[in-house]
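Trainee: I would be grateful for a close look at one part of this structure. Please take me through the salt bridges and their surroundings.

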Amino acid sequence: MAQPVQPSRAARSRVATALVASSLVVTSAVSARADDLSALFEPRTLVSVGSLFGASPRYPGARTTGFWGFPYLSFRGPDEPRSWWSPDDGLDASLIRQGPVELGAVLDLRDGRSARDDRRLLGLPGRPLAPAFGLFAEVWPVQDILRLRAEVTQGVRDHDGVVAKLGADLVGHFGRFTLSGGPRLVLGDAAATRLDFDVPVRTALVNPLLTPYRASAGPRSIGATAAVSYDWSESWQILAYLRYDRIVGSAAGSPIVRRIGQADAVTIGSGLIHTFAIGQ
C-alpha cells in the first residue's frame, strides 16, 4: 500500500481549482477536469475545450428520456500526457498521488425531479438538480489497462444522504482508438434512497397510481459502461459512450419504479474536444 504524502503546493492549488470549478458546474452546468492551476502559468499550457451531449432518464427510475448538454474544459502542462477518464466520472481534484494510487475531492450532480417530468408523479415531493461533495479513490493495478475507482459523496443538505459509486474499467489503446468498459455498482444510505424512491402517505392520498412506500439503504443499481474515443489528430478528439443500469434492492420495489417508471436505465452520449496551446 502506498504511504500517504503531504499535499504539495500544486496539490493545494488543485483544491482551490476544484472549489472554483465546482461553483461553475453548479451554476452553469460546466463539465470539466479540475487540473493543477499552476499549469495555466507554464509556457505552452495545453487547454482542451469541447462539448458533451446525450440522453438519459429524466430522474432515477424514469421511463421518459431527457436530453442534456455540457461544455467541457480541462488543462495540463506541456509535457503532461493526456490522462484517460471515463465520461461518468465526477469532477475531481487530486490531493494525493503516489504511484498508481490517487486520492482527492470529487463533485457529483444528483438528478432532480418534478411533476413536469411526468404528470404521474403528482403529489411526490419535487427536488432540484443538486450538487454532492466527497472523496474519490482511484488505483491502476495494471497501469493504463485496468482502473478501479470509488466515489463517495454527501449531498449539500443533510437529508440528501450519502451515495457511493464503484466501478472498474478495462482500457485498451489501438492506434488512434481508445476502447474502455466495465461494471458499475451504486450504493445509497437510507436518506439518499428514500429521497429518490419513497412514497409518502400524503402522496398516495392524491395519486391513485402510487401506494405508500419506504425504501431502505443498500444497493441502488448495478450496470456497465462502454466508451470509445478517436484522436483525429493531436488537436481533435471525438468520443461516444453507453451506460446501462438496472435498479435493484429496495429501490426496485418502489411504486415509482414498478408503476410509473422502469428498472432499466440507458444513458448515451458523445462529445467533441479540441486541444490547443496557450502562452509562449
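Mentor: What follows is a description of the salt bridges and of one aspartate beside them. Please keep in mind that the model is predicted. Side chains of opposite charge can pair when their charged atoms come close. In this structure the count comes to 19 salt bridges.

Consider Lys165 and Asp108, whose side chains form a salt bridge at 2.7 Å, N to O. This pair links distant parts of the chain, for Lys165 belongs to strand S8 (residues 162-174) and Asp108 to strand S5 (residues 101-110), 57 residues apart. Lys165 is partly exposed, at 28% relative accessible area, whereas Asp108 counts as buried because its relative accessibility of 10% is under 20%.

Another salt bridge joins Asp198 to Arg214, with 3.8 Å between the closest N and O atoms. Here the partners lie in loops: Asp198 between helix H2 (190-197) and helix H3 (201-206), and Arg214 between H3 and strand S10 (218-231). Asp198 is buried at 14%, while Arg214 is exposed at 58%.

Arg243 and Asp245 also meet in a salt bridge, at 2.8 Å, N to O. Salt bridges that share partners place these two residues in one network, which includes Asp88, Glu138 and Arg184. Arg243 is buried, at 13% relative accessibility, and Asp245 is buried at 13%.

Asp245 leads us to Asp264, which touches Tyr244, Asp245 and Arg246. Asp264 lies in strand S12 (residues 264-278) and is partly exposed, at 30%. Its side chain makes a polar contact with the side chain of Tyr244, at 2.5 Å.

Note on methods. Residues numbered from 1 in each chain as written. Predicted model: local features only at pLDDT ≥ 70, side-chain atom pairs only at ≥ 80, totals over all residues. Heavy atoms only, no water. Helix = DSSP H or I, 4+ residues; strand = E, 2+ residues; numbered from the N terminus. Buried < 20%, exposed > 50% of the residue type's maximum accessible area, 1.4 Å probe, protein only. Contact = heavy atoms within 4.5 Å. Polar contact = N/O pair within 3.5 Å; in protein donor to acceptor, adjacent residues only side chain to side chain. Salt bridge = Lys/Arg side-chain N within 4 Å of Asp/Glu carboxyl O. Lists of a residue's contacts leave out its neighbours within four places in sequence.
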